[in-house]
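Please view the sequence and the structure together while reading.

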Amino acid sequence: MAYKKSDDDLKPWGKEFVGDLTPQQLPSWIKEDPFLTVLNLGGIDLQHIPPSIGRLKFLQQLRVQENRLKEFPRTIGSLASLTRLCAYGNQLSWLPGEFEKMSKLAILRLSGNEFSTDDEGKTGISVVMKMPSLEQIYLKNNPDLDIPDEFCEQGFHVIQ
């Protein structure tokens, strides 16, 4: 079951959450609906994703765009069903190694963040090289990021 926000409370609405929650509502709400397939938390001034996000084993799409996220919790690797992650317009600068556990992730939207390349050529997105199902990665407007040649050599469709 998922929910659509009404004026007074959350009402059943199929398997997708349509609407928004306040960041304070999120941790307890995730516990109530582990069978959710689509979660849209875009533009709600979210500063962090609670570790309980890892309980959403059936989640296929996570939209956390246009927030103030600086990092993902390590439990994000538990989202084994995730196929699409939209996290553009945040303050992200690195992806945790647990990302490689998301074996079905095909589309990753990371434009407009703070990813960069250090003096040794390392980036905060290197973990994606270990994600065989990834088809598209969006990296536009990460001004200090040099896209490694390996991304294109591995067959990723990099959009910058």
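Which residues does asparagine 113 touch, not counting residues up to four places away in sequence? Asparagine 113 touches Ala87, Tyr88, Gly89, Asn90, Gln91, Leu92, Asn141, Asn142 and Pro143, where contact means heavy atoms within 4.5 Å.

The model is predicted: local features need pLDDT of at least 70, side-chain atom pairs count only at pLDDT 80 or more, and totals for chains, interfaces and linings use all residues. Residues are numbered from 1 along each chain as its sequence is written, and side-chain values use heavy atoms, with hydrogens and water left out.

**The chain as a whole**
- The chain contains two helices and nine strands; these are DSSP runs numbered from the N terminus (helices: H or I, at least four residues; strands: E, at least two).
- Along the sequence, their pattern is β-β-β-α-β-β-β-β-β-α-β.
- Contacts between residues 24 or more positions apart make up 33% of those with a separation of 6 or more.

**Burial and surface**
- Of the 160 residues, 44% are buried, that is, under 20% relative accessible area (1.4 Å probe, protein chains only).
- The chain exposes about 8,500 Å², of which carbon and sulfur atoms supply 45%; the areas come from the Shrake-Rupley method with a 1.4 Å probe.

**Asparagine 113**
- Asparagine 113 lies in the loop between strand S7 (107-109) and strand S8 (136-138).
- Asparagine 113 counts as buried because its relative accessibility is 5%.
- A polar atom of the asparagine 113 side chain lies 3.3 Å from the backbone nitrogen of glutamine 91.
- The side chain of asparagine 113 also reaches the backbone nitrogen of leucine 92, at 3.0 Å.

Notes: Buried means under 20% relative accessible area, exposed over 50%, partly exposed in between (1.4 Å probe, protein chains only). A polar contact is a pair of N or O atoms within 3.5 Å; within protein, one must be able to donate a hydrogen and the other to accept it, and residues adjacent in sequence count only if both atoms are side-chain atoms.
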